[in-house]
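Subject: Structure handover

Hello,

The structure I mentioned is below, with the sequence. My notes on it follow.

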Amino acid sequence: MGRYLARRLLQGLLTLFLVILLLHLLTTWAIQLNGNPALAFFGDRVPSPAQYAAVAERFGLGDPCYAQVGNPCLGPFVTRLGDYLTGDFGTDLRGRPVTDIVGTAAPNTLRLFAVVTITWLLIGMTLGSVAARKRGRLTDHGIRGLSIMIDALPVFVMLLVYRYVLAVPLYTWAKDTFGSNSTVALLFKPSFSSDHPMITVIVPGILLGLTGSAAFIRLVRAAQLENYNSEHVRTARSKGLTERHVVLFHIVRNSSIPVATAVGIVFTEALAGAVITEGVMNIYGMGGVLWKAVRDSDVSLVVGIVSLLAIVTIVVMILVDLLYAALDPRIRYE
Amino acid sequence: GSGSDDSGTSGTSAAGPAGSGQSGAGSGAAPAGSGAGAPAGGNDAEVSDAVVKLVLNQDVDTLLPMDSNVGDNIGVLDVIYDGLVRYDPKTSKPYNYVAQDIATKDNKVWTIKIKDGLTFQNGEPVDAAAFARSWNYSAYGPNAVANNYFFERIDGYEPMQGEYEEDDAGKVTVTKEPTAKELSGLKIVDPLTLEVTLTAPFAGFSTMLGYTGFFPVAKACIDDVSGCAVKPIGNGPFQVDQWDQGQKLTASRWDGYTLPESPAFTGIEWTEYAGKSSWPDFQAGDIDVSAPPPALWAQANADPDLSSRKVESPGAALTYIGFPLYKGKPYDNIEFRKAISMAIDRKTIIEKILPGQAVPATSWVVPDGVPGGKAGTCEWCRFDPAAAKAALAKAGGWPAGQTLTIHLGKDETSEQYFKAIGDSIKLNLGIDYKLDPTPDFFDRRSSRGFTGIFRNNWFPDYPLNENYLAPVYGGGDAKKGNKNLGFYDAKFEQAIKAGDAAPNLDEAVVKYADAEKILAADFPTVPVSFSQNVAFYSERLDNVVLDPFSGSVELRLLKIKQ
Amino acid sequence: MPLLQVRDLAVEFVTADGVVRAVDGLSYAVDAGQTLAIVGESGSGKSVSSLAVMGLLQSPPARIPSGSITFAGTDLLTLSRKQHRAFCGEHIGMVFQDALAALNPVYTVGWQLTEALRARHGLTRRDARRRAMELLDLVQVPAARQRAREYPHQFSGGMRQRAMIAMALAMDPEVLIADEPTTALDVTVQAQIMKLLAEIQAERDMALILITHDLGVVASVADTVTVMYAGKAVEQGEVQRIYSRPAHPYTRALLRAIPRLDHKGRQLDVIPGRPPDPLHLPDGCAFHPRCDRAEDVCRAAPPPPLAELPGGGSAACYFAVEVMADGKPAERAES
Amino acid sequence: MGNPPSAPSPDVVLEVQDLVKYYPVKRGVVFKRTVGQVRAVDGVSLALRRGRTLGLVGESGSGKSTLAKVLVGVEQPTSGRILVDGIDVSAMKRAQRRELRRRIQLVFQDPYTALNPRMPAGEIVGEAYAIHPRLVPKGGRARAVRELFDLVGLNPDHVNRYPHQFSGGQRQRLGIARALAVKPQILICDEPVSALDVSIQGQVINLLERLQDELGLAYLFIAHDLAVVRHIADEVAVMYLGSVVERGTETEVYEQTRHPYTRALMSAVPLPDPSMRHRREEIVLSGDVPSPAAPPSGCRFHTRCWLAPLVAGAASDSADVTIDEPAAVPAVCRTDRPELLPQGPPDHLAACHFAEKLTENTTRAEAAR
Amino acid sequence: MSDPSVSALVAEETATVDRVQGGGSLWSNAWRTLRRRPEVIVAALVALFFVVVAAFPRLFTSQDPQRCDISNSGIRPQWFSGPHPFGTDIAGCDLLASVVYGARPSLLLAFIVVGLSVLIGVTLGTLSGYYLGWVDTAISRAVEVFLVIPLLLAALLLLSLFRTVDTGSSVLGSILQPALVLTAFGWMGYTRYVRANVLETKNLDYVVAAKVLGASDLRIMVRHVLPNAIGTVTALIPTAIAGVISTEAVLAFLGIGVRPPAVSWGILISNGSERFTGDSQYLLLFPLGCLVLTVLALVVLGDGLRDALDPKLR
Ligand SMILES: Nc1ncnc2c1ncn2[C@@H]1O[C@H](COP(=O)(O)OP(=O)(O)OP(=O)(O)O)[C@@H](O)[C@H]1O
Ligand SMILES: Nc1ncnc2c1ncn2[C@@H]1O[C@H](COP(=O)(O)OP(=O)(O)OP(=O)(O)O)[C@@H](O)[C@H]1O
Ligand SMILES: [Mg+2]
Ligand SMILES: [Mg+2]
């Protein structure tokens with residue numbers, strides 16, 4: 001177990017290194033092809049080399065390699081790695097520490113993910129279980145159809161419709177009924193509010209979670225179906241246990257293994273949804289920050305954020321592996 | 001000064017009083033002490049205990065005055081800092097504010113007297129040293145602040161930049177470090193008197209002084225620049241309480257404020273939207289000022305309640321189409337350019353794509369609000385498909401099978417806008433087009449990398465017709481034309497020179513207008529639209545006035561209904 | 001009255017290709033302390049019939065169009081499914097063939113052993129643990145205390161099967177149905193398990209229904225035998241009689257086909273062809289295409305009913321008496 | 001441990017000398033270290049004669065399949081020699097070894113996993129010709145396949161069917177046909193009838209016997225079922241925990257058993273004869289086969305041996321010793337690994353310190369004396 | 001009973017085997033299962049319809065989607081009473097033509113992405129599972145790296161990299177960039193899937209049999225391991241195609257999708273969703289309807305295929 005953990009961590013470090021290297025290369029080449037963001041600083045004006053150099057220096061892009069197309073810019077890469085080792089994740093183009101940005105943006109995104117995960121679990125578990133239970137019947141077909149519909153409907157459509165069509169009347173109604181600072185009213189606030197970061201993230205989270213839940217419904221259904229037909233469930237039934245007990249202890253428990261694994265690995269995938277949700281609902285989060293950082297060719301910010309994200313993801317992946325072992329005693333890591 | 005051209009990298013919707021660029025002032029007439037039309041600033045008796053809720057539509061990265069050059073942080077800093085002069089919201093004329101007096105004899109050496117007894121919010125005095133400190137910091141090249149270039153007119157700017165060399169590979173090597181850390185043109189005569197020496201006479205210097213880049217900063221601010229960028233130490237009526245970057249900025253009245261113009265309420269809360277629409281929050285009553293996204297424009301206007309709470313004012317930005325004149329045929333043919341121009345149904349396009357945000361342009365200089373601006377100088381800016389076809393035929397037609405590229409910056413709104421323009425061209429001239437949104441627009445434009453027509457957006461630095469003309473069309477040589485457009489006309493250059501040499505501004509304006517006429521005949525670019533500032537405001541607001549340049553609400557004039 | 005009596009049981013599966021009659025008119029009875037063996041080829045309906053007894057068939061696709069299953073006077077088929085299962089949980093234990101699959105991999109063996117006791121009889125955790133150990137001791141699993149805390153995958157094949165048996169015994173059932181309990185095991189382990197089963201049965205005076213296709217095992221433990229072919233019982237009777245004087249050609253062929261440990265024969269007798277497709281059973285006697293004794297009547301007439309034989313037992317063959325008279329199968333095999 | 005290599009007889013087509021196959025147990029964070037070994041096959045010597053059958057029996061995990069895999073070259077032996085027609089395989093070059101592989105073919109236990117479900121039967125059987133193009137000229141392949149179908153008793157018209165359309169017995173025939181396609185000399189049958197119904201078993205066994213007669217094949221017939229082995233084998237080897245504990249002709253092994261393990265194995269096989277029910281000697285071995293990763297010291301069988309306590313009991317003159325008590329095992333069993341030595345006839349070998357106790361068909365009680 | 005002669009036996013077998021499974025291959029069996037499910041048939045027809053639309057847009061509209069007249073902006077659906085059955089969008093382009101011509105980039109993108117991803121995924125998964133060792137280590141690391149990098153980030157980065165590369169205005173050119181990104185981040189699932197399957201398959205007896213016959217690694221992989229590992233992947237393909245079509249809409253919404261002036265469903269949906277909140281709901285509903293219908297059809301098809309290919313779930 002300890003050995004396994006050590007090996008996974010080493011592998012994780014290697015992955016991290018590769019991720020950083022890859023991102024470094026991509027961002028570097030983007031800069032080389034599209035021009036140094038320092039140029040954008042001057043807008044329409046044509047800077048003197050002096051001014052340009054000063055700004056490039058300030059942006060951390062002063063190394064001449066950024067002007068040579070194809071140069072992998074390993075020098076700055078090594079420097080950056082060294083800085084990371086000392087816990088220095090650098091600053092964005094405007095000098096704001098990356099850790100500070102992440103510190104403000106990450107909690108909001110994590111709140112969003114928390115709501116999303118809970119939505120997945122709730123919807124996926126309930127509907128998936130019902131579908132598995134009623135396999136082949138109308139309810140099953142209905143739920144499967146619904147899951148596909150949810151799947152096909154892009155997130156942004158739901159979010160836009162909610163924000164522009166539903167939120168205002170709901171919010172107004174809730175304010176009139178429950179008072180303007182009531183929980184219900186805040187729930188329907190058309191935009192995120194940093195004063196109420198948890199409650200205003202719930203509806204966006206649910207909407208985003210709804211889209212992802214489609215796959216979950218299907219996963220839970222498939223996992224449970226497998227167990228419904230399994231021999232150990234037949235054994236449990238032969239013991240005269242009630243169906244409720246059988247479902248709870250043998251079907252749901254056993255099908256939780258693939259489900260738990262899936263919850264873990266969708267972390268990175270959820271980020272795409274986060275960019276959109278954060279964008280539409282005006283949540284200051286990792287998705288939005290990253291989005292902007294890439295558009296601005298803000299190398300430090302991009303690499304910094306993604307490295308931190310990668311660390312989180314890798315840790316999540318390892319945790320999922322461990323969770324897997326916890327859920328399935330047949331797995332013993334060496 | 002030079003104008004600015006926003007690449008439009010802001011977000012998906014252009015809602016709200018957006019608009020980047022800097023406001024400047026440049027009225028050649030003696031500005032000092034004019035006070036004419038000085039707005040009725042809020043006095044303490046009328047202060048209502050309210051927090052005004054506003055939005056920041058652009059990404060605001062810093063609140064350091066020397067580094068702030070986008071509409072939104074300028075808007076915030078407008079109540080945090082006070083400049084030497086402030087501008088009349090209607091006429092754009094400057095009047096002294098922190099300055100007691102600004103005087104010059106030769107338009108080269110300026111003597112600025114500062115009002116006595118003013119302090120920063122941390123108690124430091126606002127004096128000549130404060131201005132000198134701020135300006136020296138900005139002008140020092142290695143500090144690389146956004147407003148550095150504003151100081152190039154002051155003596156001693158050059159040595160502060162150092163010298164660099166750039167070889168063919170783009171490698172920059174420092175050949176000489178900056179030799180000075182202070183502007184030699186700044187002299188502190190006494191604690192409240194600053195003498196500024198320019199490199200050359202410039203009548204408009206005093207009008208520039210109200211611009212954000214010229215605000216004073218406290219010593220504590222220079223000592224901790226990054227802290228000051230987040231929590232400014234201002235000298236204005238409001239102080240920043242807290243800034244959760246990316247989310248929210250709150251400011252409240254500063255009790256130590258002694259000057260007259262102060263907002264008539266106790267606090268302001270800016271919510272950051274980073275290009276997203278704040279309209280639903282406005283509708284829900286959480287925001288006091290907003291504007292609907294294009295899709296909801298018609299709806300909002302149709303609502304009598306909403307439209308009664310709308311202010312509109314003309315903006316200063318011009319969107320125009322440029323041609324790679326340096327590429328030769330067919331772009332260097334005026335008939336071709338005419339054909340393009342007359343093929344564009346400006347009115348309908350704006351109505352459909354950017355309702356309320358723009359007006360069709362019929363001139364190169366914004367007709368209202370800028371001295372010398374006049375509508376209708378562009379003869380071929382009307383929509384006339386027949387004439388357009390005829391002109392194209394006269395130009396020899398469009399090469400068969402080729403596609404016209406339209407280059408533009410990366411911005412969805414302008415993409416839609418220019419798609420409609422392209423559609424118009426295709427429909428009326430039968431020319432196939434393709435859009436090329438590119439992130440390195442400026443780079444490619446200045447390096448003449450365009451192969452088709454391109455979108456330009458000119459935002460002036462100061463309200464003078466010269467600023468729409470000389471920086472854009474001038475400065476070229478007879479053979480190659482100017483840098484961006486490849487345009488050159490000796491008569492045009494002469495007219496500009498004549499304007500520069502004019503003894504006073506009123507005469508200069510006339511000369512510059514002559515230059516516009518020459519331009520109209522040469523027709524190197526096609527004006528498309530001027531911007532329009534719009535805001536809807538909540539029921540509790542009163543006296544909502546938009547700044548003609550930045551388009552943001554004049555906070556010091558705003559009133560809260562009781 | 002026998003403890004468990006199955007009468008005229010039929011089980012059908014509704015599949016996309018048609019209705020499969022997996023069990024067709026099966027009847028048998030067991031008494032306390034008796035061992036009934038059900039033998040037959042793969043697919044002959046052995047498992048399905050016992051699942052029907054336990055109320056474990058999935059319906060759909062399964063349905064029971066006729067028959068009765070009476071346990072001590074209660075017809076199980078008249079009960080609701082819930083009652084049926086609860087009843088069987090109390091009175092009938094079942095041991096499945098593949099113990100690894102039949103045990104839930106995520107719970108400890110001890111937990112599973114006492115699950116029913118805890119869920120249905122509200123046993124405390126401590127009592128449950130003690131009971132689990134008793135049960136493991138009963139089935140001769142060494143180091144029961146330690147083993148109860150382990151998971152099924154940590155057990156060897158024989159141990160798992162023992163655990164399975166212990167689980168089936170947890171509720172002190174009166175009848176134990178063992179569906180091929182040793183097929184997957186080594187002979188040495190098989191011998192251990194069969195010995196164990198016999199001991200427990202004797203000790204508790206339990207009825208044992210042993211489902212298998214190993215005629216050797218049947219010979220060593222069964223009292224009565226039911227031979228199934230294509231869903232039907234083709235022969236029933238005392239174990240001695242069936243082995244010495246089989247009355248159905250299928251039984252006889254089966255006995256002849258077994259290679260024997262005690263002497264070497266060069267050529268094995270075989271039953272030609274393959275078991276019939278349950279969807280397309282041959283007309284007449286289902287065995288006739290493979291039968292060496294088949295005559296026209298077997299092909300044309302309706303399948304023969306299970307008829308009483310002179311010396312006790314019964315067989316479903318028109319020529320049962322003649323076949324029985326043919327003599328010992330083993331002797332023939334040596335010829 | 002090793003047996004002296006028996007003199008090569010002209011009849012011997014395959015000889016195995018002191019064959020060892022260990023599977024390393026690896027562990028490590030970055031670089032894996034070998035921390036132990038699974039001794040799957042631990043010093044086996046066998047000889048296979050042309051046209052004859054060697055039966056190999058033993059409990060699950062005794063290394064039978066591993067041995068088979070090593071013989072057909074799917075696994076590389078850890079040590080030991082394999083001689084085909086007297087030639088050492090390990091000394092051969094690649095091409096030669098490939099040719100050799102052809103000569104030894106394998107028939108599998110599970111007819112469901114042994115055939116590629118996505119290949120038509122004809123292609124499965126004919127694949128050998130695609131791999132060894134020189135075996136049969138291109139035009140003749142279809143015919144060769146049909147002939148093979150016919151040979152193993154399958155309808156040649158079924159070449160286009162897929163495996164799932166065949167019954168278990170038929171699939172086993174397909175597996176045999178595939179093995180025969182390359183014209184092998186040696187067929188290694190790894191429990192070829194274990195998964196089949198009794199009624200089908202006979203068909204396959206008869207087929208194998210007929211093929212042996214017709215083609216002169218040598219079989220290594222691996223099985224659980226001692227009755228089947230007795231039926232088909234000329235010689236028998238009994239394996240326990242990776243090594244052969246008894247070897248001899250069928251009659252010798254079955255009728256003059258010289259190893260307590262073999263005896264136990266045989267007594268565990270139920271006889272299909274209810275009249276024998278309580279008349280047979282029953283030796284029920286306790287427990288399971290120990291793990292080959294940590295085999296017992298000395299005689300591998302001593303932990304489960306029924307004879308040892310009896311012998312020990314006799315030695316200590318004690319009447320009631322139980323098998324479960326390890327102390328009751330003679331020290332020699334726990335310390336010394338018995339060699340495979342001739343018992344009576346020179347080719348009847350057994351590896352037991354007390355083999356002489358079993359010279360007659362001794363009962364347990366007699367052995368104790 | 002005497003041993004029946006081989007030929008008799010053969011005849012016997014022939015008689016019975018004919019009834020065993022009714023003949024036909026695994027695929028034809030799957031087909032027979034599929035045929036019995038009406039919803040699968042309908043789904044297949046719908047999918048086919050849209051494929052035809054994508055292949056022959058001219059059959060469905062005579063209008064040019066690129067010919068837009070701003071003065072016709074925002075005409076509501078006229079159905080059969082005017083030249084614009086679905087109405088026009090804000091730029092005055094005919095919506096029916098846009099939807100019809102938008103099918104091609106959307107579907108083509110989906111097919112290309114899924115095709116390439118499967119190809120890469122299956123190849124790497126097979127190599128990884130078959131050889132293990134350092135090949136596996138390297139591929140596993142690559143998989144993890146690509147799993148860790150967020151797709152959208154990479155999409156944006158690659159977009160800025162490819163901005164300056166002119167891919168032409170053909171349909172292929174306009175979808176090249178999103179296709180690249182989605183492929184680059186779409187293969188890992190297949191790799192892991194196939195690898196697991198290969199690990200399972202490669203120790204099966206029939207693979208051992210092929211080895212014993214002397215088959216080369218390549219042959220074993222291609223003929224034995226892959227076909228069986230790929231079966232389940234096949235069933236994933238329709239769902240994956242559906243997923244890409246939806247993702248394209250998301251990319252379009254973020255402005256990094258199919259390159260204008262090509263229209264795709266994603267672009268139409270993204271544009272339409274802005275207007276949905278205004279007063280022109282039909283601008284969203286038509287393209288979204290097509291997308292939902294296609295996705296629905298493909299997922300149902302995938303479900304059907306999976307059930308048909310996987311007897312366990314039948
Ligand atoms: N769910 C089902 N759907 C359709 N047919 C079924 C189903 N379950 C069982 N059958 C059929 O019922 C018949 C009897 O099956 P059963 O499992 O009882 O055989 P068995 O005698 O136990 O065989 P084995 O020795 O292989 O266990 C078989 O023909 C089988 O095909
Ligand atoms: N690849 C491997 N790695 C490690 N151990 C292995 C491997 N293959 C087999 N073994 C071990 O080697 C021992 C012998 O296995 P083998 O399959 O040869 O036994 P067997 O006699 O064929 O058993 P069965 O009768 O169950 O088929 C077993 O303990 C097994 O766990
Ligand atoms: Mg069964
Ligand atoms: Mg084996």
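Chain A and chain E bury about 4000 Å² between them, with 79% of that area on carbon and sulfur atoms. Please keep in mind that this is a predicted model.

**Chain A against chain E**

The contact involves 50 residues of chain A and 44 residues of chain E. On the chain A side, A:Ile148, A:Phe156 and A:Trp291 supply 14% of the area that chain A buries against chain E, which is more than any other three residues. The rule finds one salt bridge across this interface. A:Arg8 and E:Glu144 form a salt bridge, and their closest N and O atoms are 3.5 Å apart.

Helix H1 (residues 2-34) of chain A packs against helix H5 (residues 133-148) of chain E at an angle of about 60°, and the axes are 9 Å apart. Because angles from 65 to 115 degrees count as roughly perpendicular and those under 35 as roughly parallel, H1(A) is classed as oblique to H5(E). The crossing of the two helices is right-handed. By class, the residues of the contact of H1(A) with H5(E) are six nonpolar, three polar and three charged.

**Within chain E**

Helix H4 (residues 95-131) of chain E and helix H7 (residues 171-184) of chain E have axes that come within 9 Å and cross at roughly 40°. That angle makes H4(E) oblique to H7(E). The crossing of H4(E) and H7(E) is right-handed. H4(E) contributes E:Arg104, E:Pro105, E:Leu108, E:Leu109, E:Ile112, E:Val113, E:Leu116, E:Ser117 and E:Ile120, while H7(E) contributes E:Val171, E:Leu172, E:Ile175, E:Pro178, E:Ala179, E:Leu182 and E:Thr183. The residues in the contact of H4(E) with H7(E) divide into 13 nonpolar, two polar and one charged.

**Chain A on its own**

Chain A has 14 helices and zero strands. Its C-alpha atoms fill a box of roughly 85 × 60 × 30 Å along the principal axes.

One residue to look at is A:Pro197, in the loop between H8 and H9 of chain A. The C-alpha atoms of A:Pro197 and A:Tyr284 are separated by 9.9 Å, and the two residues are 87 residues apart along the chain. Leaving out residues up to four places away in sequence, A:Pro197 touches A:Asn108, A:Arg111 and A:Phe192.

**Salt bridges and the other chains**

Over all chains, a search of the whole structure finds 71 salt bridges. One of them pairs the side chains of A:Lys189 and B:Asp286, at 2.5 Å from N to O. A:Lys189 lies in the loop between helix H8 (183-187) and helix H9 (202-228) of chain A, and B:Asp286 lies in the loop between helix H6 (279-283) and strand S13 (289-290) of chain B, so this pair joins two chains.

Chain C and chain D bury about 3700 Å², and carbon and sulfur atoms give 56% of that area. There, 46 residues of chain C are in contact with 44 residues of chain D.

No contact joins chain B and chain D either, with closest C-alpha atoms 43 Å apart.

**Backbone points in chain B**

Most residues other than glycine have a negative phi, and most peptide bonds are trans. Two places in chain B are listed here against that background.

- B:Lys329 and B:Pro330 are joined by a cis peptide bond, with omega about -10°. B:Pro330 lies in the loop between strand S14 (310-322) and helix H9 (334-343) of chain B.
- B:Ala144 has a phi near 50°, a positive value in a residue other than glycine. B:Ala144 is in the loop between helix H2 (128-139) and strand S6 (163-166) of chain B.

Regards

Key. Residues numbered from 1 in each chain as written. Chains lettered and ligands numbered in written order. Predicted model: local features only at pLDDT ≥ 70, side-chain atom pairs only at ≥ 80, totals over all residues. Heavy atoms only, no water. Axes fitted to C-alpha atoms, helices over the stretch in contact; angles between N-to-C directions. Helix = DSSP H or I, 4+ residues; strand = E, 2+ residues; numbered from the N terminus. Parallel < 35°, antiparallel > 145°, perpendicular 65-115°, else oblique. Left-handed = near helix turned anticlockwise from the far one by under 90°. Contact = heavy atoms within 4.5 Å. Nonpolar A, V, L, I, M, F, W, Y, C, P; charged D, E, K, R; others polar. Buried area = accessible area lost by both parts, 1.4 Å probe. Salt bridge = Lys/Arg side-chain N within 4 Å of Asp/Glu carboxyl O.
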